[in-house]
Amino acid sequence: MANKELLRRKREQLIEEHGVIYLDNVSKAYSTGSPALNNVSLSIGRGEFVFIVGETGSGKSTLIKLLLRELKATSGSVYVMGNDLSRLKHGQVPRFRRNIGVVFQDFRLLTDRNVYENVAFAQRIVETPPSEIRRNVPTILATVGLAGKYKAKTSELSGGEQQRVAMARALINNPSILLADEPTGNLDPRNSWEIMRLLEEINESGTTVVVVTHNREIVNAMKKRVVTMKKGVIVSDEEGGEYIDED
Ligand code: ADP
Ligand code: MG
């Protein structure tokens with residue numbers, strides 16, 4: 001059997017056993033201070049929707065950065081889609097990241113370009129043929145509720161609309177996993193709900209969704225799996241969980 005096929009089967013087996021996201025005893029220490037993550041183990045299965053909550057500084061963003069291979073674990077292993085991220089070579093990182101969509105609190109759009117360009121850009125960097133880009137961008141903009149806004153400059157949009165553009169950009173390459181780090185942190189309650197509903201819809205269509213949030217009301221209403229972090233460790237992990245009071 002070809003080596004490539006063997007590797008593919010090995011990845012598939014890891015996903016079967018441990019999920020599409022698997023942290024095995026992971027610690028991450030920055031050069032200063034106490035470890036940001038301390039022996040964290042976590043499995044997230046294909047198609048799950050998981051909230052990650054916890055006070056500021058508890059290690060949530062560090063966890064997201066490890067999953068994107070923006071950071072490497074100090075010890076332990078991080079597997080995403082069956083790939084051991086410590087073994088991923090520098091040159092393999094862009095290809096690996098194509099499978100993951102990301103959304104941040106501060107949107108991170110190209111502010112001098114219009115909505116269409118912000119989304120199309122994500123397809124150009126993965127060398128999608130122009131004819132496909134012209135077909136895909138309007139479809140995904142309609143999905144996020146921005147069908148009529150494709151010519152607008154992103155700087156002229158409301159926060160809720162900007163986050164929708166960021167969602168379209170994160171989704172256009174059909175990622176298996178969507179990671180969102182405080183996606184509603186800069187939004188009012190109505191827009192926060194709309195973004196969360198959109199994340200839920202995306203999850204219902206099969207994408208694994210991981211959402212870091214401080215939004216207690218939404219977490220308590222949505223009845224999803226809730227992983228709570230405190231000082232670099234997971235202190236609770238509950239199906240249909242609630243936002244636990246920080247004391
Ligand atoms: P959260 O997202 O839950 O607020 P972070 O993962 O950002 O937490 O941070 C966890 C801990 O790691 C905090 O104590 C923070 O100060 C520290 N930290 C985060 N990033 C860095 C960095 N680049 N250098 C040093 N320490 C950092
Ligand atoms: Mg953070």
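A polar contact is here a pair of N or O atoms within 3.5 Å, and in this predicted model a backbone N or O atom of Ser61 meets that cut-off, lying 2.9 Å from an oxygen atom of ligand 1. The points below take up the surroundings of the ligand, then the strand pairing, and then the nonpolar cores.

**Ligand 1**
- Ligand 1 is surrounded by a set of residues that includes Tyr30, Thr32 and Ala36 as well as Glu55, Thr56, Gly57, Ser58, Gly59, Lys60, Ser61 and Thr62.
- Backbone N or O atoms also approach oxygen atoms of ligand 1 at Gly59, where the distance is 3.1 Å, and at Ser58, where it is 3.2 Å.
- The protein buries 59% of the 560 Å² that ligand 1 exposes when taken alone.

**Strand pairing**
- Strand β1 (residues 21–28) runs antiparallel to strand β4 (residues 75–80), the two being joined by 5 bridges, and Ile21 has Val80 of β4 as its bridge partner.
- Strand β4 also pairs in the antiparallel sense with strand β5 (residues 83–84) over 2 bridges, with Val80 standing opposite Asn83.
- The hairpin of β4 and β5 has 2 residues between its strands, and Met81 takes a positive phi near 50° there.

**Nonpolar cores**
- The largest nonpolar core has 42 residues, and those touching the most other members are Phe51, Val119, Val137, Met167, Leu178, Leu199 and Val211.
- Among the elements that give two or more residues to this core are strands β3 (49–53), β7 (177–181) and β8 (208–212), together with helices α6 (159–171) and α7 (189–204).
- Beyond its neighbours within four places in sequence, Met167 is in contact with Val103, Val144, Ile195, Leu198, Leu199 and Ile202.
- A second, separate core of 33 residues includes Ile21, Val40, Ile64 and Leu179.

Definitions and conventions. Residues numbered from 1 in each chain as written. Chains lettered and ligands numbered in written order. Predicted model: local features only at pLDDT ≥ 70, side-chain atom pairs only at ≥ 80, totals over all residues. Heavy atoms only, no water. Pairing = 2+ DSSP bridges. Helix = DSSP H or I, 4+ residues; strand = E, 2+ residues; numbered from the N terminus. Core = buried A, V, L, I, M, F, W, Y, C linked by side-chain atoms within 4.5 Å. Buried < 20%, exposed > 50% of the residue type's maximum accessible area, 1.4 Å probe, protein only. Contact = heavy atoms within 4.5 Å. Near = heavy atom within 4 Å. Polar contact = N/O pair within 3.5 Å; in protein donor to acceptor, adjacent residues only side chain to side chain. Areas by Shrake-Rupley, 256 points an atom, 1.4 Å probe, with all protein chains shown as cover.
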